[in-house]
Structure formats: structure tokens, C-alpha cells
Amino acid sequence: MNVLTQRLRSGGFLGINMKQLALRAVLVIALDVLAASTWQFAVKQRANAAIDRLRAGSEVEIDAAEAPPEVLDARAAFLLRRNRIDEAQPLLDQALLRADAPIQMRMLFNMANARMRAAVAAIGKGDYDKAIPLVTLAKSEYRSALRLDSTYWDAKYNLDIAMRLVRDLPQAVGEDEEKPLQTPEKLWTDLPGVPKGLP
């Protein structure tokens, strides 16, 4: 019996090869995990740096389709502080597709507040045709934020103010139109402190 046959029978060559293969596989997996972790760390570092620059007031261009939701939020806040509502709208649209609820709520609330500020400025100039659509959009965004969290008190409060500026009037229904099957949404808020009962 030659040496090769003896080693094969004792598992010598096979044992060494299996151990080497196993070690190589573990090494490859470890390198892949390390590369992925390094890449994620670099992405987070870039995102944090962009957020810091935006918060400091620096203009930072981002790709809305690729940027993390936190960067979308920071960029939108930067734009809205400067009344650049039209530029912030695509960022909000992206966030509504892929951000978590707290970020969506914050961005909706900030956008609605920016529209309200613009509406109040338009009212101050007597430009009601511009103010009314802005208030209407703001009310819609406050309501969207409240759908995400009905306890969002700031959104409730600001929605109430917006409702005082522009009321939701009932839509006129033509005779030819069918009545809606569902109960219409309650449009008017209850007035607090209205006395009930006998005078």
C-alpha cells in the first residue's frame, strides 16, 4: 500500500482540504460582512455630514430619489425656512413613499406651517386668491399628519387655526347627482362652551 492510499484512507489529504476550505469560506464571509459594514458606516457618515451642514444653514444639494429619509427631512426643513415651498414638495413626496411615520409627520407639519406662513403674508397684502389655496393645502397636510398620529396636538391646534381662516363648506349637490352612500364627513367642529338645555 503506497503513502497516498494510506493518507486517503486515514483522511489525511481530505481532512486538510476540508479544513482549508472551511477556513477560506469563513474568511470570505467575514470580509463580505466587513465590507458591507464599512459601506453602511460610510453612507451614514455622509448623511450625518449633510444633515449637519443643512442645519448650519449651508446649501447642500441632494438626490431626492437616493437620499435617506433623514436627509430629505433636513433638506426640506432648510428649504422651508427660506420659503422655498416648491423645491421642498418633491422631498415630501419622496418621504411619503419610504420614510417612517415620525419623519412623515414632521415633514407634513413643517410643509403645512410654511404654507400657512405664506398664506398669512398673502392675506396681509390683500391677495386672498393666493391665500385660500395655500390654507386649503395646509389643512390637507395637517390632516395627513393627524392620520398618522391622531394625538399630534400641534397639528390639531394649527388645523383649528387654518379652519378658522378658510372653512370647509359643504359642496352643493346637483339634482342629477346621486347622493353619496357613506355618511358625509363632519365638516364643522363643535363649538366649546355652547350652553345646552333650558335658558
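Q: Before anything else, what do buried, exposed and partly exposed mean here?
A: Buried means under 20% relative accessible area and exposed means over 50%, with partly exposed in between (1.4 Å probe, protein chains only). This is a predicted model, in which local features need pLDDT of at least 70 and side-chain atom pairs count only at pLDDT 80 or more, while totals for chains, interfaces and linings use all residues. Residues are numbered from 1 along each chain as its sequence is written, and side-chain values use heavy atoms, with hydrogens and water left out.

Q: OK, is Arg-164 buried or exposed?
A: Arg-164 is exposed, because its relative accessible area is 62%.

Q: And what does it pair with?
A: Arg-164 forms a salt bridge (a side-chain nitrogen of Lys or Arg within 4 Å of a carboxyl oxygen of Asp or Glu) with Asp-160, and the closest N and O atoms are 2.9 Å apart. Both residues lie in helix H7, four residues apart, about one turn of the helix; helices here are DSSP runs of H or I with at least four residues, numbered from the N terminus.

Q: How many salt bridges in total, and which residues form a network?
A: The count comes to seven salt bridges, and Glu-59, Glu-61, Arg-75, Arg-84 and Glu-87 are linked in a network of them.

Q: What about Asp-73, buried or exposed, and who is its partner?
A: Asp-73 is buried, at 9% relative accessible area, and its side chain meets that of Arg-106 in a salt bridge of 2.6 Å, N to O. Asp-73 lies in helix H3 and Arg-106 in helix H5, so the pair ties together parts that are 33 residues apart in sequence.

Q: Switching to H3, how covered is that helix?
A: H3 is mostly covered, since ten of its 13 residues are buried, including Pro-69, Arg-75 and Phe-78.

Q: Last one: which residues touch the most others in the largest nonpolar core?
A: A nonpolar core is a set of buried Ala, Val, Leu, Ile, Met, Phe, Trp, Tyr and Cys residues joined through side-chain atoms within 4.5 Å, and the largest one has 44 residues, of which Leu-72, Leu-91, Met-107, Tyr-142, Tyr-152 and Ala-155 touch the most other members. The largest share of this core, eleven residues, comes from H5.

Note on methods:
Helix = DSSP H or I, 4+ residues; strand = E, 2+ residues; numbered from the N terminus.
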